[in-house]
Amino acid sequence: MGVVGEAGRRDAGRYAGVTALGLVSAALALALPYALGHTLDQLLRGAAAGWWIAGCGALVAAQTAAAAGEDLLAGLATARAAATVRRRTVRHMLAAGPPAAGQGTGDLVTRVVGNAADAAVTPAAAAALPAALAAPVGGIVALGLTDIWLAAAFLAGAPLLTLLVQRFARASSDCVTAYQNAQGRIATLLVEALGGARTIAAAGSEQRETARILGPLPELGSHGRRMWRVQGRATAQAAVLVPLLQLTVLAVGGIRLSAGALSVGDLLAASRYVLLATGIGVVVGQLGAVVKGRAAAARVDEVLAVPVPAYGERQLPEDGAGTLELRGVTAVRGAETVLDGLDLTVPGGSCVAVVGRSGAGKSVLAALAGRLADPDAGTVLLDGCPLPELTATGLRDAVGYAFERPALLGDTVADTIAFGPRPLPPDHVTRGALAAEADAFVRLLPDGYATARNQAPFSGGEVQRLGLARAFAHPTRLLVLDDATSSLDTVTESRVAQALFHPPTPRTRLLTTHRPATAARADLVAWLDSGRIRALAPHETLWAIPEYRELFGGGDGG
Ligand SMILES: Nc1ncnc2c1ncn2[C@@H]1O[C@H](COP(=O)(O)OP(=O)(O)OP(=O)(O)O)[C@@H](O)[C@H]1O
């Protein structure tokens, strides 16, 4: 059962209410023609009809109240379903980790924002369907009860109506799915372009980019037009068919009236029953919502099908030194085996720099070290515990990260630095900022650490320093830095190096770098080559190897 089905089950009471009120409203709508017909006959007969007139008024009021109640309940249940679907999808997306290559951010946003809302309509539309069907079916039965010839006249044309509904559901389902997929592709291209807006402006390629983003537009347009054509054809056919059916029934009714088989009131009632019987528009509308919602729900369920890493129950040993082991680790990205049975032990409390040519797999290794991704084979252990056996908070309390381009999250600058699995005392925040050489520029902001994060423009180096401050502020036993000092000028970097290479409290550090000076400061260098660790030794030792020197452009060794 998809997430929409689950949301529907959780709010079963409300949806049952929608069905019940819908059926009550349909029953009252069916009772009204009889009451009107009978009232007319009474009046024509000159009999007292006061109570009947009052009854008709009461029926109209009750039906209006039931229909309003149905709409209100459906609206409330739909809003709750949309909230549930969005909450679950967002939680799942973030828990699943970084999206795989090819999974566009824009497309994911479309699924959570647009498709979730369309999908959430489905249970209410489905709950309203019995009532939408009850009115036409009841109308036919009532026609039959009034006079069997009236029902026979209607049923002669009914197969055409059924065919119309079936064809509409089938044809619109295909184009709705294709339309939503094309929408997702446009959103992906747009998000990508907004991320690279500076590059686009610098390259002067706004027009070409606009054309690229709107590339799927003709396809979107053609699916959209097909959707409207299907809808329009169904409406037009219904518009011809429905009055024809009404006229046929009324003509038969007229003949039966002149033969004395029907009263004038019966004919009035029949004219309203036939209207209810041909309530195809309502059914088509409800079906349209269900079809669109099902297609949208399928796109939401695809997001939820992405596996989320499972966590265990284990806690790390209290006195662990932070020893990191990668045993026989293989990582496949796309068609490429990036890490191929790699073994590496980072001794507790030491600092190991991972070096290798660009694309060697340093970032992939860094991601595996703190379980931002799981290896395709092999095991990663921290203080002897395989990472998947740790609890989620235990793992995040133990491993900190700093990235080349960190995302700044949280409301204020202090929140950005404190961003983590649990609240962080303010002195930790300032200590982290001091260690990352961020304290001075943060204090120059209008409200210092309390400055709203989105009010403060930061340079690339400042963003990196805030990312480092976050990593330093959290007392994790393992710190993974993925090219996290690449944008710092050399003076700042050598100051930050103090905190990095001589931490006030012992912690294990794994850092990826392209800089020989950084590699030289680490206790050991892990040289990544062809998916494995080619050597694990101090920088000075490795420097004797010409191929190693070539990694750094054959420089002077830092
Ligand atoms: N999600 C992904 N999907 C497909 N391929 C990927 C993915 N992530 C990484 N790769 C590929 O894996 C290889 C290793 O990438 P990685 O980012 O780890 O290299 P790196 O050594 O850190 O490079 P650099 O020094 O340039 O940052 C590259 O060929 C990259 O294209």
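A residue is called buried here if 20 or more other C-beta atoms lie within 10 Å of its own, exposed if 12 or fewer, and partly exposed in between, with C-beta atoms placed from the backbone. The model is predicted, so local features need pLDDT of at least 70 and side-chain atom pairs count only at pLDDT 80 or more, while totals for chains, interfaces and linings use all residues. Residues are numbered from 1 along each chain as its sequence is written.

**The two domains**

Begin by colouring residues 3-304 as domain 1 and residues 324-551 as domain 2; these bounds come from an automatic or database domain assignment. Taken over C-alpha atoms, the centres of domain 1 and domain 2 are 54 Å apart.

**Domain 1**

Select helix 2, residues 12-45. Helices (H or I, at least four residues) and strands (E, at least two) are DSSP runs, numbered from the N terminus. The 34 residues of helix 2 reach 49 Å from first C-alpha to last, close to the 50 Å expected at 1.5 Å a residue; the expected span is 1.5 Å times one less than the number of residues. Gly46 follows helix 2 and has a positive phi near 80°.

Of its 74 residues, Val18, Val85, Ala124, Leu143, Phe154 and Val249 touch the most other members. Helices that each supply at least two residues of this core include helix 2, helix 3 (50-95), helix 4 (105-146) and helix 5 (148-195). Helix 4 gives the most, with 16 residues. Centre the view on Ala124: leaving aside neighbours within four places in sequence, Ala124 is in contact with Tyr15, Val18, Ala74, Ala77 and Thr78, where contact requires C-beta atoms, placed from the backbone, within 7 Å. A second, separate core has 70 residues, among them Val329, Val346, Trp527 and Leu551.

Now select the six strands of the open sheet, which are ordered 6-7-8-3-9-10 with mixed pairing; two strands pair if DSSP finds at least two bridges between them. Strand 6 (399-403) and strand 10 (532-537) are at the edges with a single partner strand each, so one side of each has no neighbour in the sheet. From one strand to the next, the twist averages 20°.

Five bridges pair strand 6 with strand 7 (residues 478-482) in the parallel sense, and Ala402 stands opposite Leu481 in strand 7. Helix 16 packs on the sheet, touching strand 6 and strand 7, and its direction makes about 170° with that of strand 6. Such angles run from 0 to 180 degrees between N-to-C directions, with axes fitted as lines to C-alpha atoms, for helices over the stretch in contact.

Move to strand 4 (377-382). Strand 1 (residues 324-333) runs antiparallel to strand 4 and is joined to it by five bridges; Arg327 has Thr379 as its bridge partner. Strand 4 and strand 5 form a hairpin with two residues between them, and Leu382 is partnered by Cys385 in strand 5.

Select Asp383 in the turn, where phi is positive at about 45°. Asp383 counts as buried because it has 20 C-beta neighbours inside 10 Å. Finish at Arg371, in the loop between helix 11 (362-369) and strand 4. Arg371 is not a glycine, yet its phi is positive at about 60°. Is Arg371 buried or exposed? Arg371 counts as buried, because 21 C-beta neighbours lie inside 10 Å.

Note on methods:
A nonpolar core is a set of buried Ala, Val, Leu, Ile, Met, Phe, Trp, Tyr and Cys residues joined through C-beta atoms within 7 Å. Two residues are in contact if their C-beta atoms, placed from the backbone, lie within 7 Å.
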